[in-house]
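These are my notebook entries on a two-chain model. I set out to record how the chains meet, and then to look up one residue.

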Amino acid sequence: MDLDALTGCLASSACLVTQTTSGFIIGMLLFLVAVGLTLIFGVLKVVNFSHGAFYMFGAYFAMSAYQLTGSFALAMLCGAAGTALLGLIFERVFMSRVYGADVLMQLLVCYAFVLIFDDVVRMIWGPEFKSMGMPAAFQVAPLFIAGGVVPPYYLLLIGVALAAAVILGLGLARTRIGKVIRAAAHNPGMVSALGINTGVIYGGVFALGGMLAGLAGALAAPVRSLTPGMGFSILIESFIVTVIGGMGSILGALIGAILIGMIRSFGSLGFPLFTEGLMYLFMVIVLVSRPTGLFGKEVA
Amino acid sequence: MTELQAEQGTPALDVPRTEAKPRRNRDALIALAVFIVLALLPMVFSSKLLLDFVIRCAAYGLFATSLNLLVGYTGLISFGHGMFFGLGAYGFGLMMQKTGVPIPVAFVATLAITFVIALVIGAICVRLKEIYFAFVTLAFQMLIHSTILSWVSLTGGDQGLRGGIPRPPFWGIDLSNHLHLYVASCALLVTGLFLMHQIAQSPFGYTLRMIRDNATRASFIGIDVWRAKLTIFVLAALFASTGGIIMALFVSGAYPEFAYWTISGEGIFINMLGGVTTFLGPMVGTVLLLILNDTVTRWTDYHGIVLGIVILFFAIGLRKGLMDFAVEWYARRRDGSGT
């Protein structure tokens, strides 16, 4: 425990800016992964335990595309589109077979794919740590805000994630497709009776969730190291986020992600070894006081 | 596929027995016979590998079977049951390293610590339902795991409890002797299974099944559901802790992985592999998983793929564990030919 470092940081504006930015980075990446998780749970009622793998694939796809083409935009596109396709195939071929079965069977199918996907990545890209490297366009001098150092890439990352949040929120609230998705989440039988193919919606939502996780992975690729199994820690953290925010709530995922990002960022100063413990402690406190999360609705 | 689902829940084995006393005596005799066979095994096969295998089966088997008391019998899907496995290993290891008390004392004291911690955590967890219960148990597990990692002065952090666990002889038993450790593990396994079977067959065990099938109805007829769930949570924790103690004795140490959530995941997987509606399903699953792990790692570096495909076969193909599948297949065959 190192409370002096924490209070020292809180007193210095430079440190405050740096830590808050890094908290936002963690939070925004977490949000993109968690929002897919929460969307899939809200519509399909499936806890997608293999969701972290999409984050991992997004990062690896982006790295390969960047190495092949040298284009950052193309790398992001490949990360997002590739995982969307993967999500669609995964849902149609495997997950759709265990709808209505025991929750444990769904978890088991996902668990099987966590194992399989990790090994597939090891086969294709090798077991060692990889790095995509920062694209040339962002290798510029960092900004100084109130004495704190903020790399421009961080601002782009936060901007893209926030844009995705706004588009997703508005899309679900305002568009026709969004309404159908919400209706399917609420009453799939009725939606199906109205002549809408729920299989298409389920596949689409899974693809969308996979795409968001893949985008997060692609965005993280320049600033994090890539390794098989990297999906796992982000999966656990995004579970915490969705549970804190309330399963199925997009706003909850956003708030939960920022909270966890800040806990990680500032916690690493004050409690270097117990940072993860702080997150779990926070989750326990939230769940005990509000069992369905901060923004969750009581499900009958 | 749909007809298989409809049959889930209460197969023929779940019929309550009225003649409890003779059954208990019969179970005790069976347990004794199994123990004698296991204990005599080294006289026939003296391979150290086999004895090691049985000791590991004892550790994981106790853990998995106790998890099934929650998952299969009560419908409580715990993702954090492994914390008690880890607690047993660390509690026992620390006690032996730091205090120098005799092994039986350390054993009982570890169970006592597990009891208190399980009571506190259980009292918080069992209020929550389904997926929230799963998550809050997972959170507690990771909280304990983080504590083990960060409390370096006590637990050795990510290096684990090293330097070996002292195993002074007691009552003429010397657990540093491989054969003695083997027989002791078998004794703990058989006793644990016998006790858990008695719990499962008792009226309390049937209360648990009722809570699993219809908790609302159970509370309407005057059952204190929270209390029953808490009781089985704590009991299951004690048996899981015993599994952890065997593991600590076996590897002569304790490592953070023993308390990591993957242990819980493996426990659930073992249960699904072996089956959750028969008492011995988890034992079958344990043996299967250990054999699978041992053989697959010998043949390929990519054992995740192989294991994953096997899991898919069970989850999508059979849709249930091996013992569940076998029991139903047998029941259907018997009914078919009986007419």
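Entry 1, interface area. I find that chain A and chain B bury about 3700 Å² between them, 82% of it on carbon and sulfur atoms; buried area is the accessible area (1.4 Å probe) that two parts lose on being put together, summed over both. I note that Leu104(A), Met105(A) and Leu108(A) supply 16% of the area that chain A buries against chain B, more than any other three residues.

Basis. The model is predicted: local features need pLDDT of at least 70 and side-chain atom pairs pLDDT 80 or more, while totals for chains, interfaces and linings use all residues. Residues are numbered from 1 along each chain as its sequence is written, chains are lettered from A and ligands numbered from 1 in the order written, and side-chain values use heavy atoms, without hydrogens and water.

I count 39 residues from chain A and 39 residues from chain B in the contact (heavy atoms within 4.5 Å). I looked for salt bridges across the interface and the rule finds zero (side-chain nitrogen of Lys or Arg within 4 Å of a carboxyl oxygen of Asp or Glu).

I locate Lys229(B) in helix 11 (residues 225–251) of chain B, helices being DSSP runs of H or I, at least four residues, numbered from the N terminus. Lys229(B) is buried, with a relative accessible area of 12% (buried means under 20%, 1.4 Å probe, protein chains only). Beyond its neighbours within four places in sequence, Lys229(B) is in contact with Thr74(B), Leu76(B), Val126(B) and Ile211(B).

Definitions and conventions
Helix = DSSP H or I, 4+ residues; strand = E, 2+ residues; numbered from the N terminus. Buried < 20%, exposed > 50% of the residue type's maximum accessible area, 1.4 Å probe, protein only.
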